[in-house]
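Reader: I am new to this structure. Please show me how to read its features, one at a time.

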Amino acid sequence: MKNLLFIGDVVGKAGCDFLAEKLRLVKKQYNIDITVVNAENSAQGNGVTKYSADMVLNAGADVITTGNHAFKRHESLEIYNGGCIIRPANYPEEGCPGSGVYVLDMGAYSVAVINMSGTVYLDPLDNPFTKTDEILEELETPNIFVDFHAEATSEKKAMGYHLAGKVTGVFGTHTHVQTADECILSGHTAYITDAGMTGPENSVLGVEIQPAVDRLRFRMPVRFREAEGPCMMCGVVVEFDEKTGKSHKIERIIIR
């Protein structure tokens with residue numbers, strides 16, 4: 001049996017710093033073999049830069065996933081040439097840097113991580129269900145984990161059931177609020193609708209509260225700023241059989 005740790009959206013420098021402070025301790029506590037971190041909001045002002053990606057990797061991540069802010073920082077698009085930093089696979093192959101799949105070679109076994117974006121209330125990318133099926137046909141490892149970066153809980157749940165029995169785990173990201181529906185689908189696939197976020201807890205999804213309230217209350221443009229104060233780190237730990245790709249246990253974690 002092996003253990004994979006998946007960490008939800010890291011927000012800003014505070015999130016990166018808290019990840020660096022806590023991740024190695026969590027990996028030791030849960031005897032983690034592989035760590036995957038969603039870092040699409042890790043840079044100041046959203047997106048991911050080389051600096052924020054390096055912070056996440058140096059903290060102990062093996063693979064970085066992203067989402068709809070993957071290409072927000074045009075000055076840092078070269079980060080997707082490194083292999084272990086991936087973007088949603090349903091972006092167009094032509095004109096978009098990087099890949100949506102990374103296969104981690106662990107010696108005696110390998111683990112594939114797929115990044116996919118939802119299309120309900122988000123950009124109209126390629127159909128994520130069809131694209132995921134196409135990728136699965138090409139993978140040779142049974143150990144497959146999917147970061148499904150999506151807005152609608154219905155789309156995430158549908159993807160979980162669509163991939164039940166086909167992949168080792170499906171983890172929802174993007175909405176930054178950890179859900180309490182972790183389970184094993186079809187006796188095989190670890191699932192959670194949203195893994196949560198890593199960043200300032202006393203915030204609105206990681207940003208200062210009052211500007212977020214004003215934006216929703218008055219419908220006027222505001223400048224969002226990263227919140228300050230105590231942080232939390234949210235995610236899940238999955239125990240899986242690396243020979244069959246079958247998940248046996250999924251546990252939500254919140255580190256404060």
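Predicted model: local features only at pLDDT ≥ 70, side-chain atom pairs only at ≥ 80, totals over all residues.

Reader: Is glutamate 138 buried or exposed?

Author: Read the relative accessibility. Exposed means over 50%. Glutamate 138 has 65%, so it counts as exposed.

Reader: Which residues form a nonpolar patch on the surface?

Author: Val177, Val204, Leu205, Ile209 and Val213 do. Together they have about 360 Å² of accessible area. Isoleucine 209 is one of them. Isoleucine 209 belongs to helix H5, residues 209-218. Its relative accessible area is 34%, so isoleucine 209 is partly exposed.

Reader: Now the rings. How is a pair of aromatic rings described?

Author: Two values do it: the distance of the centres and the angle of the planes. Now the case here. The structure holds five aromatic pairs. One of them joins phenylalanine 145 and phenylalanine 171, with 5.9 Å from centre to centre and 20° between the planes. That pair is stacked.

Reader: Which strands hold phenylalanine 145 and phenylalanine 171?

Author: Phenylalanine 145 is in strand E7 (residues 144-149), and phenylalanine 171 is in strand E8 (residues 169-173). The pair therefore ties together parts that are 26 residues apart in sequence.

Reader: Are phenylalanine 145 and phenylalanine 171 buried or exposed?

Author: Both phenylalanine 145 and phenylalanine 171 are buried. They also belong to an aromatic cluster, formed by Phe6, Phe145, Phe171 and Phe240.

Reader: On to charged pairs. How many salt bridges are there?

Author: First the rule. A salt bridge needs a side-chain nitrogen of Lys or Arg within 4 Å of a carboxyl oxygen of Asp or Glu. By this rule there are twelve salt bridges. Start with lysine 50 and aspartate 54. Their side chains meet in a salt bridge at 2.9 Å, N to O.

Reader: How many residues apart are lysine 50 and aspartate 54 in helix H2?

Author: They are four residues apart in helix H2 (residues 50-59), so about one helical turn separates them. Next, look at how open each one is. Lysine 50 has a relative accessible area of 46% and is partly exposed. Aspartate 54 is at 29% and counts as partly exposed.

Reader: Which parts of the chain are linked by glutamate 93 and lysine 131?

Author: Begin with the contact. The side chains of glutamate 93 and lysine 131 meet in a salt bridge of 4.0 Å, N to O. This pair links distant parts of the chain, 38 residues apart. Glutamate 93 is in the loop between strand E4 (63-65) and strand E5 (101-105), and lysine 131 is in helix H3. Compare their accessibility. Glutamate 93 is exposed, at 51%. Lysine 131 is buried, at 16%. A network of salt bridges links Arg87, Glu93 and Lys131.

Reader: Where do glutamate 201 and arginine 256 lie?

Author: Again, contact before place. Glutamate 201 and arginine 256 form a salt bridge, with their closest N and O atoms 2.9 Å apart. Glutamate 201 lies in the loop between strand E11 (197-200) and H5, and arginine 256 in the segment after strand E13 (246-255), so the pair ties together parts 55 residues apart in sequence. Glutamate 201 is partly exposed, at 33% relative accessibility. Arginine 256 is exposed, with 58%.

Reader: What separates the C-alpha atoms of valine 113 and proline 211?

Author: A distance of 36 Å separates them, and along the chain they are 98 residues apart. Valine 113 is found in strand E6, residues 110-117. With a relative accessible area of 3%, valine 113 is buried.

Reader: Last, the backbone. What is phi of tyrosine 121?

Author: Phi of tyrosine 121 is near 70°. That is a positive value in a residue other than glycine. Tyrosine 121 lies in the loop between E6 and H3. At 70% relative accessibility, tyrosine 121 counts as exposed.

Reader: Where does arginine 219 lie?

Author: Arginine 219 is in the loop between H5 and strand E12 (231-241). Arginine 219 is not a glycine, yet it has a positive phi of about 60°. Arginine 219 is exposed, with a relative accessible area of 60%.

Note on methods
Residues numbered from 1 in each chain as written. Heavy atoms only, no water. Buried < 20%, exposed > 50% of the residue type's maximum accessible area, 1.4 Å probe, protein only. Patch = residues over 30% accessible without salt bridge, like charges linked within 9 Å, V, L, I, M, F, W, Y side chains within 5 Å. Areas by Shrake-Rupley, 256 points an atom, 1.4 Å probe, with all protein chains shown as cover. Helix = DSSP H or I, 4+ residues; strand = E, 2+ residues; numbered from the N terminus. Phe/Tyr/Trp six-rings, centres within 6.5 Å; stacked < 30°, edge-to-face > 60°.
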